[in-house]
Amino acid sequence: MRAQYGAKLSMIDHWLGRILDVVDRNDAWDTTAVVLCTDHGHYLGERGAHHHLDLHATLCEVFGVTPEHRTHGHSLVPVLEGRAGSVREWALGGVWGREVHVVDATRTFAKAPIASNRPLSMYSNRWSTMPVRAFPDVRLPRPDERARLERVPGTTVPVIRQPFDQSDPLPFWAGGAFGGDLLYDLGGVPEGADSAGVAEMTELLVEALRSVEAPAEQLVRLGLG
């Protein structure tokens, strides 16, 4: 698996080079910005988190755009221009229905939900039942009579809130076993589940979730509410 992943990276590196060659050949660097990012990688025995909100905020500042509603990103322009070493003290991340991650300058912490992985609700203004190509028989649950109209925290943006109870099958990305809470330092070294660092990062996670007005049910499903 690691060898195939390395080969994929080599292929991407090759074709990215071809793109940059075109910019060079057309002397287009004065009018061209190249932003290299990724959706996510693959766990190869490691665990981690990824964040894209700051990229959005950075592009908004570069192009002089002010979003019409609240976002949680921090522009990286001060870092890119050398005026700052960082733009945030922590970052939240995760996948719906899975662990919730909080990352600070030295550690990354993944908090697993309680055994039932409930309560859970899906909040969306783009509800989709699109098929999953890898699993043609899998469909996302449709909203039902329990769904209601709510607002994105801190905004007037309408979203549908669909709750899930113990009898409901969860969307596929919430499946799979949980390995418990995980804490790593920047060197990738795991710390014990009873370490003082876990208590510190748990406190930071609660602070971070409350600062973005996360639904109370999120704290409950993590055993923190």
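Is Arg 161 buried or exposed, and why does it count that way?

Modeller: This is a predicted model, and what follows should be read as such. Arg 161 is buried, because its relative accessible area is 11% and the cut-off for buried is under 20%. The residue lies in strand S6, which covers residues 158–164. Its side chain makes a polar contact of 2.9 Å with the side chain of Tyr 123. Leaving out residues up to four places away in sequence, Arg 161 touches Ser 121, Met 122 and Tyr 123, then Arg 146, Ala 147, Arg 148 and Glu 150, and also Glu 217.

One of those residues touched by Arg 161, Arg 146, leads on to the charged pairs. Side chains of opposite charge can pair when their charged atoms come close. Arg 146 and Asp 144 form a salt bridge, with 2.7 Å between the closest N and O atoms. Arg 146 counts as partly exposed at 27% relative accessibility, and Asp 144 is partly exposed too, with a relative accessible area of 26%. The pair belongs to a network of salt bridges that links Asp 144, Arg 146, Asp 165 and Asp 168.

Arg 107 and Asp 104 meet through their side chains at 3.5 Å, N to O. Arg 107 is buried, with a relative accessible area of 17%, and Asp 104 counts as buried at 17% relative accessibility. In the salt bridge between Arg 83 and Glu 81, the closest N and O atoms are 2.8 Å apart. Here Arg 83 counts as exposed at 54% relative accessibility, and Glu 81 counts as exposed at 53%.

For the nonpolar side of the picture, the largest nonpolar core has 15 residues, and those with the most contacts inside it include Val 102, Phe 109, Met 201 and Leu 224. Strand S2 (100–103) and helix H4 (196–211) are the elements that give two or more residues to this core. Helix H4 supplies the largest share, seven residues. Beyond its neighbours within four places in sequence, Leu 224 is in contact with Lys 111, Thr 202, Leu 205, Val 206 and Leu 219.

On the surface, Val 35, Leu 59, Val 62, Phe 63 and Val 65 form a nonpolar patch with about 470 Å² of accessible area together. Val 62 is found in helix H2, residues 53–62, and is exposed, with a relative accessible area of 51%.

Definitions and conventions: Residues are numbered from 1 along each chain as its sequence is written. This is a predicted model: local features need pLDDT of at least 70, side-chain atom pairs count only at pLDDT 80 or more; totals for chains, interfaces and linings use all residues. Side-chain values use heavy atoms; hydrogens and water are left out. Patches are made of residues with over 30% relative accessible area and no salt bridge: like charges are joined within 9 Å, nonpolar side chains (Val, Leu, Ile, Met, Phe, Trp, Tyr) within 5 Å. Accessible areas come from the Shrake-Rupley method with a 1.4 Å probe; for residues, only the protein chains shown count as cover. A salt bridge is a side-chain nitrogen of Lys or Arg within 4 Å of a carboxyl oxygen of Asp or Glu. Helices (H or I, at least four residues) and strands (E, at least two) are DSSP runs, numbered from the N terminus. Buried means under 20% relative accessible area, exposed over 50%, partly exposed in between (1.4 Å probe, protein chains only). A polar contact is a pair of N or O atoms within 3.5 Å; within protein, one must be able to donate a hydrogen and the other to accept it, and residues adjacent in sequence count only if both atoms are side-chain atoms. Contact means heavy atoms within 4.5 Å. A nonpolar core is a set of buried Ala, Val, Leu, Ile, Met, Phe, Trp, Tyr and Cys residues joined through side-chain atoms within 4.5 Å.
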